[in-house]
Amino acid sequence: MPAATAYNQFRLGDFTVTTVNDGTTVMENPQGTFGTDQSVETVSELLEAHYLPTEKLVNGFAPTVVNTGSDIVLFDTGLGEGARGNGLGQLSARMAAAGIAPEDVTIVVITHMHPDHIGGLMEGDKPAFPNARYVTGQAEYDFWADDARAGTPGERVHNLVKAKVMPLAEKMTFIGDGGEVVPGITGMAAVGHTPGHMIYRLESGGRQLVVTADTANHFVLSLQRPEWEVRFDMDKAMAAKSRKTVFDMIAADRLPFIGYHMPFPSVGFVEKMDTGYRFIPETYQFDL
Ligand SMILES: [Zn+2]
């Protein structure tokens, strides 16, 4: 692996947006995760057409910090201390490289409660962002906090939510579709990946951007074939429907987006194609 870029920063109107590289991991067998309803050959062909290896893929994790001028809002927290031995869980160290201390964060937004998004909420038995309050989707919290998850495939995440999220519940605001975090940051339900998965629209000074979280989890396999089934999507049909709704909107409105698992710095655009969308990484669009 090449040396990792710690962070990427740009202006969006009056907001300063920083994507932070929590780390990357190599996954075996892409066909076992993406396009699980397709033949191995079909998935491999799409990878080869984009000069990507067919045996392995690189997955990255990009929490985002938005400085609105009055708040420092962190979207998702990476894998946290449990993954640090594997070179992941680098959020705090790499925020520091961007001059942002954990104490500076005033609001932590959790898009959904998979381990790679909530793992960094606690550091030992203490909140990793000691001065923050929290915002998350009501439906997401209600699903994972429910003891009915015990003995189901959701048990592992339920236990992690009990350890990392529920201790913070007193300082949490629960929102639904259209709920506001602060002026200029609005939540939008995009369910399917998880039952309460939410994305966030940023708007400042006439500029907009969408934090799409895990609506699409690979820049080729998920965006070009949005209908393909993905192992991580809990309701596969609903996740595909949300992918199309969200990326149709982003393409039609020509909006930039930040995708948590897009190649770092995880910022780009999409063009709508006959089938799916073509990912166009951001280069200097915010710098001129
Ligand atoms: Zn994720």
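Me: Leaving aside its neighbours within four places in sequence, which residues are in contact with Leu 121?

Reply: Among them are Thr 77, Val 108, Ile 110, Phe 129, Val 165 and Leu 168; contact means heavy atoms within 4.5 Å. This is a predicted model, in which local features need pLDDT of at least 70, side-chain atom pairs count only at pLDDT 80 or more, and totals for chains, interfaces and linings use all residues. Residues are numbered from 1 along each chain as its sequence is written, and side-chain values use heavy atoms, leaving out hydrogens and water.

Me: Why is the set that includes Leu 121 called a nonpolar core?

Reply: A nonpolar core is a set of buried Ala, Val, Leu, Ile, Met, Phe, Trp, Tyr and Cys residues joined through side-chain atoms within 4.5 Å. Buried means under 20% relative accessible area, exposed over 50% and partly exposed in between (1.4 Å probe, protein chains only). The largest such core has 27 residues, and Leu 121 is one of the members that touch the most others, as are Met 95 and Phe 129. Therefore the name applies.

Me: What makes up the lining of the largest pocket, by class?

Reply: The lining divides into 13 nonpolar, eight polar and six charged residues. Ala, Val, Leu, Ile, Met, Phe, Trp, Tyr, Cys and Pro count as nonpolar, Asp, Glu, Lys and Arg as charged, and the others, Gly among them, as polar. Of the 27 lining residues, His 114, Pro 115, Asp 116, Arg 156 and Phe 232 lie nearest the centre of the largest pocket.

Note on methods: 1 Å grid on protein atoms, 1.4 Å probe; cavity = no way out; pocket = protein on both sides within 12 Å on 5 of 7 lines; lining within 4 Å.
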